[in-house]
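Biologist: Could you take me through this model, starting with how charged side chains pair up?

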Amino acid sequence: MESHEQQEPEDLAQLIARLKDTYSVSDSEIARRISVSPATVNAWVHRKRGTGRGPNKDKLRALAAAFPKFTPDEIFAAAGRRTPGPLNPEARDRILALIDELTEDQQEITEIQIRALVDRNRSGA
């Protein structure tokens, strides 16, 4: 019987190490390209969470844009998050128009549901 070891998924620190090798860049250069402080990138590299939940979606997207050899899906997965879908202005307007048609109670319920979905995506579930 063959045994297959399950490989742990790559975390953000490992992905950044690979990114640094691939692009021959430093923490400071990564920080400059995505508009964060070098200390922020250093915290990601050393797996320090601080008070937040790690990089927000905009910084993860900026990382993918600045270093296109790494896909958004790959970067979000390494951060333990699911990749949010794109939301164009027309879709945003349609969603808000629908919410405008709901009662106040229904709007509150919808907000709770949306928050639950966002929390689930942030947890990588």
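Modeller: Searching the whole structure gives 8 salt bridges, where a salt bridge is a side-chain nitrogen of Lys or Arg within 4 Å of a carboxyl oxygen of Asp or Glu. This is a predicted model, in which local features need pLDDT of at least 70 and side-chain atom pairs count only at pLDDT 80 or more, while totals for chains, interfaces and linings use all residues. Residues are numbered from 1 along each chain as its sequence is written, and side-chain values use heavy atoms, with hydrogens and water left out.

Biologist: What does Asp-11 form a salt bridge with?

Modeller: Asp-11 pairs with Arg-47, and their closest N and O atoms are 2.5 Å apart. Because Asp-11 sits in the segment before α1 (12–23) and Arg-47 in the loop between α3 (38–45) and α4 (57–66), the pair ties together parts that are 36 residues apart in sequence. Helices here are DSSP runs of H or I with at least four residues, strands are runs of E with at least two, and both are numbered from the N terminus.

Biologist: And is Asp-11 buried, exposed or partly exposed?

Modeller: Asp-11 counts as partly exposed, at 23% relative accessibility, whereas Arg-47 is exposed, with a relative accessible area of 52%. The cut-offs are under 20% relative accessible area for buried and over 50% for exposed, with partly exposed in between, using a 1.4 Å probe and protein chains only.

Biologist: Which residues are linked with Arg-18 in a network of salt bridges?

Modeller: The network links Glu-10, Arg-18 and Glu-74. Within it, the side chains of Arg-18 and Glu-74 meet at 2.6 Å, N to O, and this pair links distant parts of the chain, with Arg-18 in helix α1 and Glu-74 in helix α5 (residues 72–78), 56 residues apart. Arg-18 is partly exposed at a relative accessible area of 34%, and Glu-74 is partly exposed at 26%.

Biologist: Where do Glu-111 and Arg-115 lie?

Modeller: Both lie in helix α7 (residues 104–122), 4 residues apart, which is about one turn of the helix.

Biologist: Switching topic, how many helices and strands does the protein have?

Modeller: The secondary structure comes to 7 helices and 0 strands, and 23% of the 125 residues count as buried.

Biologist: OK, which residues have the most contacts inside the largest nonpolar core?

Modeller: Ile-30 and Phe-67 do, in a core of 22 residues. A nonpolar core means a set of buried Ala, Val, Leu, Ile, Met, Phe, Trp, Tyr and Cys residues joined through side-chain atoms within 4.5 Å. The elements giving two or more residues to this core are α1, α2 (27–34), α3, α4 and α5. Leaving aside neighbours within four places in sequence, Phe-67 is in contact (heavy atoms within 4.5 Å) with Leu-19, Tyr-23, Val-25, Ile-30 and Arg-33.

Biologist: Which residues of α3 are buried, then?

Modeller: Those are Val-41, Ala-43, Trp-44 and Val-45, and what covers them includes α1, α2 and α4.

Biologist: What is phi of Ser-35?

Modeller: Phi of Ser-35 is near 60 degrees, a positive value in a residue other than glycine. Most residues other than glycine have a negative phi. Ser-35 is found in the loop between α2 and α3 and counts as exposed at 59% relative accessibility. Arg-47, which is not a glycine, also has a positive phi, of about 55 degrees.
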